[in-house]
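Subject: Structure handover

Hello,

Here is the structure for you to look over. My notes on what was found follow below it.

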Amino acid sequence: MANSLYDGDLPDSFDAGGSVAIDTEATGLRFVRDRLCLVQVSAGDGHASLVRIEREQSEAPNIAKILEDPSILKIFHFARFDVALLYKTFGVLASPVYCTKIASKIARTYSNQHGLNILTNELLNLELSKEKQSSDWGSGDLSDAQIQYAANDVLHLHGLRAELDRILEREGRAELAAACFEFIPARAKLDLGGWPEDVFAH
Ligand code: MN
């Protein structure tokens with residue numbers, strides 16, 4: 001299915017269903033210096049919607065509605081970063097959230113590799129290209145390769161969640177994972193507020 005590209009916000013008609021996969025691309029990884037460029041979302045139906053965000057843009061009502069809707073689970077990979085960046089940009093703290101990276105760390109204790117490509121390859125038997133991971137996301141004119149890369153980052157999160165939940169349940173670790181997910185919005189606030197280190201460390 002072709003991906004959809006929008007400017008500024010999702011359309012009113014976007015139906016997130018009960019859970020939506022979300023990813024973001026930015027000009028870099030520092031919250032003070034860098035900015036949100038792109039928000040990718042997928043309802044888990046094999047289709048991705050990509051929203052270009054303008055410099056200085058501080059509102060996206062349809063995206064915000066999904067982020068704060070308590071009945072919609074937001075699935076991220078490394079939610080800590082996306083949740084912080086979305087909060088910094090739109091002033092909305094995503095909740096409830098699920099993080100496939102945290103889920104993997106708690107479920108897949110046989111591995112120390114928890115990158116998105118590793119997970120999609122091992123759990124879904126898919127090979128994804130990481131070729132456009134580092135690229136100019138602030139460009140008003142995204143290439144087809146950039147669009148495909150950005151879409152891929154959300155298209156498989158529902159599938160990964162299902163596989164990871166299976167392991168978490170089997171090993172009796174689902175509650176521990178859920179408690180970690182619940183902490184993510186606070187972790188994002190700590191990052192933005194200047195506590196980048198682990199506050200649980202000695
Ligand atoms: Mn991404």
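**Largest cavity**

Leu10, Ile22, Val39, Val41, Ile63, Ile66 and Leu67 line the largest cavity. Strand 3 (36-42) and helix 1 (61-68) are the elements that give two or more residues to this lining. Helix 1 gives the most, with three residues. By class, the lining has seven nonpolar, no polar and no charged residues. The volume of the largest cavity is about 30 Å³. The count comes to one cavity of 30 Å³ or more.

Please note that this is a predicted model: local features need pLDDT of at least 70, side-chain atom pairs count only at pLDDT 80 or more, and totals for chains, interfaces and linings use all residues. Residues are numbered from 1 along each chain as its sequence is written, and side-chain values use heavy atoms, with hydrogens and water left out.

Now the terms used so far. A cavity is a set of points, on a 1 Å grid over the protein atoms alone, where a 1.4 Å probe fits but cannot get out; a pocket is an open set with protein on both sides within 12 Å along at least five of seven lines; lining residues have an atom within 4 Å of a point. Points are joined across faces, edges and corners, and a volume is the space filled by probe spheres set on them. Helices (H or I, at least four residues) and strands (E, at least two) are DSSP runs, numbered from the N terminus. Ala, Val, Leu, Ile, Met, Phe, Trp, Tyr, Cys and Pro count as nonpolar, Asp, Glu, Lys and Arg as charged, and the others, Gly among them, as polar.

The largest pocket holds about 540 Å³ of space. It is lined by 23 residues, and the closest to its centre are Asp23, Thr24, Glu25, Leu29 and Gln133. Strand 2 supplies the largest share of the lining, five residues. The lining divides into nine nonpolar, eight polar and six charged residues.

The second largest pocket has a volume of about 380 Å³. Of its 14 lining residues, Arg80, Ile102, Phe183, Ile184 and Arg187 are the closest to the centre. Helix 2, helix 3 (100-107) and helix 7 each supply at least two residues. By class, this lining has nine nonpolar, no polar and five charged residues.

**Manganese site**

Asp23 (OD), Glu25 (OE) and Asp153 (OD) are the protein donors of the manganese ion, lying 2.0 to 2.1 Å from it. Donors are N, O and S atoms within 2.8 Å of the metal (3.2 Å for Na, K and Ca); water is not among the atoms, so sites may look incomplete. Along the chain the donors follow the spacing D-x1-E-x127-D. Glu25 lies in strand 2 (residues 19-26) and Asp153 in helix 5 (residues 144-155), so the pair ties together parts that are 128 residues apart in sequence. Glu25 is buried, with a relative accessible area of 8%. Asp153 also counts as buried, at 8% relative accessibility. Buried means under 20% relative accessible area, exposed over 50%, partly exposed in between (1.4 Å probe, protein chains only).

**Charges over rings**

The charged end of Arg161 sits over the ring of Tyr98, 5.4 Å from its centre. Lys101 has its charged end over the ring of Phe78, 5.8 Å from the centre. The rule asks for NZ of Lys or CZ of Arg within 6 Å of the ring centre and within 35 degrees of the ring normal.

Best wishes
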